[in-house]
Amino acid sequence: MSGTARHDQEMVMRAKKNLATCTDPLEKLRLQCLSRGSAGIKGLARVFKIMDDDNNRSLDFKEFLKGLGDYGVYVEKNEAQEIFSVFDKDGSGTVDFDEFLVTLRPAMSNARKDVIMQAFRKLDKSGDGVVTIEDLKGVYNATHHPKYKNGEWTEEQVFRSFLDNFDSPYDKDGQVTPEEFTNYYAGVSASIDTDVYFITMMKHAWRL
């Protein structure tokens with residue numbers, strides 16, 4: 001974990017430094033999220049979920065603007081309008097959560113995406129495209145978890161906590177999709193310069 005924490009710290013510092021000279025509104029928003037660590041983009045999604053009263057997984061411009069303000073990311077109104085129109089691809093006047101997350105997350109090379117999917121497939125024992133608690137049995141050892149050892153959590157609770165790391169912050173259903181898994185690692189990836197190092201880290205972490 002200390003390695004990931006170090007990457008997180010480096011990414012935060014780099015994002016803050018780049019923010020000082022950034023002029024592109026979307027990149028500015030991305031950097032403000034990354035300056036909060038690898039979960040920064042997930043955090044913004046959580047704010048939007050709270051605002052999505054009718055649960056239709058989309059927001060209009062007024063809600064979008066308020067969400068940015070509530071999360072404490074600052075962009076001028078005209079910049080927010082520019083960002084909004086990037087996400088509102090079909091011109092419907094609303095933005096879709098998932099579209100928003102995919103566009104906002106930092107770009108990754110195909111080599112990085114491939115190793116992330118290798119890890120996902122290893123976890124997805126049933127091969128049905130989602131990782132559930134059932135999939136984790138036999139792949140992830142819950143008995144080493146400190147809260148399991150001291151009797152505070154059951155094996156099921158350890159599995160659920162593990163899945164929550166990757167699960168969408170706005171829809172914790174105990175199932176992790178490839179999209180959610182990739183969103184998580186896009187944050188981690190942003191702090192690692194070389195593909196070789198990222199791939200080595202993933203292979204070591206997931207014993208690929």
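I began with Q32, which, leaving aside neighbours within four places in sequence, is in contact (heavy atoms within 4.5 Å) with L19, G72, V73, Y74 and V75. The model is predicted, local features need pLDDT of at least 70, side-chain atom pairs count only at pLDDT 80 or more, and totals for chains, interfaces and linings use all residues. I number residues from 1 along each chain as its sequence is written, and side-chain values use heavy atoms, with hydrogens and water left out.

**Entry 1: Q32 and helix α2**

I placed Q32 in helix α2. Helices here are DSSP runs (H or I, at least four residues), strands are runs of E of at least two, and both are numbered from the N terminus. Buried or exposed? I looked this up for Q32. Q32 counts as buried, at 11% relative accessibility. The cut-offs are under 20% relative accessible area for buried, over 50% for exposed, and partly exposed in between, with a 1.4 Å probe and protein chains only.

I then checked the rest of α2 and noted that 9 of its 10 residues are buried, so the helix is mostly covered. The buried residues are P25, L26, K28, L29, R30, L31, Q32, C33 and L34.

**Entry 2: α2 against α6**

Two packed helices are described by the angle between their axes and the distance between the axes. For α2 and α6 I noted an angle of about 85 degrees, with the axes 10 Å apart. That makes α2 roughly perpendicular to α6. Axes are lines fitted to C-alpha atoms, for helices over the stretch in contact, and angles run from 0 to 180 degrees between N-to-C directions. Under 35 degrees counts as roughly parallel, over 145 as roughly antiparallel, 65 to 115 as roughly perpendicular, and the rest as oblique.

Which residues meet in α2 and α6? From α2 I listed L26, L29, R30 and C33, and from α6 F100, T103 and L104. By class, this contact has 5 nonpolar, 1 polar and 1 charged residues. In this scheme Ala, Val, Leu, Ile, Met, Phe, Trp, Tyr, Cys and Pro are nonpolar, Asp, Glu, Lys and Arg are charged, and the others, Gly among them, are polar.

**Entry 3: the cores**

I looked up the largest nonpolar core, which has 30 residues. A core of this kind is a set of buried Ala, Val, Leu, Ile, Met, Phe, Trp, Tyr and Cys residues joined through side-chain atoms within 4.5 Å. The residues with the most contacts inside the largest core are L44, F48, F64, L68 and L104. The elements that give two or more residues to this core are α1 (2-19), α2 (25-34), α3 (40-51), α4 (61-71), α5 (77-87) and α6 (97-104). α3 gives the most, with 6 residues.

Apart from its neighbours within four places in sequence, F48 is in contact with L59, E63, F64, G67, L68, F97 and F100. A second, separate core has 25 residues, including M108, A119, V131 and M201.

**Entry 4: α11 against α12**

The axes of α11 (residues 178-189) and α12 (residues 195-206) come within 12 Å and cross at roughly 130 degrees. That makes α11 oblique to α12. I recorded the contact residues as F181, Y185, V188 and S189 of α11, with F198, M201, M202 and W206 of α12. They divide into 7 nonpolar, 1 polar and no charged.

In α12 I also checked Y197, which counts as partly exposed at 41% relative accessibility. Leaving aside neighbours within four places in sequence, Y197 is in contact with R6, H7 and I192.

D70 is in helix α4 and is partly exposed, with a relative accessible area of 48%.

I looked at R57 for its backbone: its phi is positive, about 60 degrees, although R57 is not a glycine. R57 lies in the loop between α3 and β1 (58-60), and is partly exposed at 29% relative accessible area. R207 also has a positive phi, about 50 degrees, and is not a glycine. R207 lies in the segment after α12 and counts as exposed, at 71% relative accessibility.
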